[in-house]
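Please open the model in a viewer and keep the sequence panel at hand.

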Amino acid sequence: MTAETMTMVAPPRRVGPRRTLHHGLTLAWRNVAQLRHSPEKLLDVTLMPIVFLVLFLYVFGGAVAGDTRTYLQMLLPGLVAQMAMFGTMGLGTALSEDIHKGVFDRFRSLPIARSAPLIGTVLGDTVRFGIVMVVLVGFGSALGFRFETDPLSVVAAFALAYVFYLSVSWVSVLVGLVAPSPQTVQGLAIIWVMPLTFGSSILMPDTSTMPGWLETWANWNPVSRLADAVRALTVGGPLGNDAWYTLAWAAGIVAVAFPLAMRMYARRA
């Protein structure tokens, strides 16, 4: 190969936003294709919302709301927020596995944007989130859940959950890059996912019965804000500033986690 030919095929030193998105979407399709060839990877996201819904509904329904039907209307919107958190845990594991298998070494040798492999991983994983939402709402509807607002508000609720899911995905990406091995990713993820999900208004909208320190934590918790916003948009009630707080939290999470993930990726991959 001559020097002139090498100059012609050399990738540009800087890749613009449009090409970066194109590269990310291309690699996202790779992840979707993997799910098509290995559908057993969707087993967890298929069973997880069913298990959580049945367990929480029949364990806490009578104690919290007096009957399971009333509690179901409060619980399912909260589980939308919980699944937005739990749905990202597999992302970090899959990313860590690809790095240890050398897949990302191959990506680094390609003339693509440096951030494209991580963006593709996050966008490709949204298929799993979509399946979680379909299973959760479908099974909840079979148990008696009904939307009590207009279709536009319902769409806005799931769009808000999706935006928050995308932001939290970057924390999972960071965990996958920091973890020394794929086997340790789940353990590290639990450390930050559990306090945020269960120390919130997901299972009990009224946080005033909590101890003072826990009530303060729950009220400031971004997962509580998301759960309260989804409830207001799907079953009614005052929305307040919950949606705006959720969007602000999502923007803040991305602003912190994305640069850290890129820096760690440059060191690890």
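Throughout this tour, two residues are in contact when heavy atoms of theirs lie within 4.5 Å. The model is a predicted one.

**The whole chain**

Twelve helices and zero strands are present, so that the order of elements from the N terminus reads α-α-α-α-α-α-α-α-α-α-α-α. Of the 269 residues, 46% are buried. Among contacts with a separation of 6 or more, 78% join residues 24 or more positions apart. Switch to a surface display: the protein exposes about 13,500 Å², and 67% of that area is supplied by carbon and sulfur atoms.

**Helix α5 and its crossing with α8**

Select residues 89-100, helix α5, together with residues 151-178, helix α8. Their axes come within 8 Å and cross at roughly 35 degrees, and the crossing is right-handed. Which residues make this contact? Show side chains for Met89, Leu91, Gly92, Leu95, Ser96 and Ile99 on α5, and for Ser169, Ser172, Val173, Gly176 and Leu177 on α8. Six of the contact residues are nonpolar, five are polar and none is charged.

Now keep α5 alone. Its twelve residues reach 18 Å from the first C-alpha to the last, close to the 16 Å expected at 1.5 Å a residue. The buried residues here are Met89, Leu91, Gly92, Thr93, Leu95, Ser96, Asp98 and Ile99. Just after α5, select glycine 102, whose phi is positive at about 90 degrees.

**Proline 195 in helix α9**

Move to residues 185-198, helix α9, and select proline 195 within this helix. For the pair of proline 195 and asparagine 221, draw a C-alpha to C-alpha distance: the two are 9.5 Å apart in space and 26 residues apart in sequence.

**Helix α11**

Finish with residues 222-235, helix α11. The 14 residues should span 20 Å at 1.5 Å a residue, and the end C-alpha atoms are 20 Å apart, which agrees. Twelve of the 14 residues are buried, so α11 is largely enclosed by the rest of the structure. To see them, select Pro222, Val223, Ser224, Leu226, Ala227, Ala229, Val230, Arg231, Ala232, Leu233, Thr234 and Val235.

Technical notes
Residues numbered from 1 in each chain as written. Predicted model: local features only at pLDDT ≥ 70, side-chain atom pairs only at ≥ 80, totals over all residues. Heavy atoms only, no water. Helix = DSSP H or I, 4+ residues; strand = E, 2+ residues; numbered from the N terminus. Buried < 20%, exposed > 50% of the residue type's maximum accessible area, 1.4 Å probe, protein only. Areas by Shrake-Rupley, 256 points an atom, 1.4 Å probe, with all protein chains shown as cover. Axes fitted to C-alpha atoms, helices over the stretch in contact; angles between N-to-C directions. Left-handed = near helix turned anticlockwise from the far one by under 90°. Nonpolar A, V, L, I, M, F, W, Y, C, P; charged D, E, K, R; others polar. Expected span 1.5 Å × (residues − 1).
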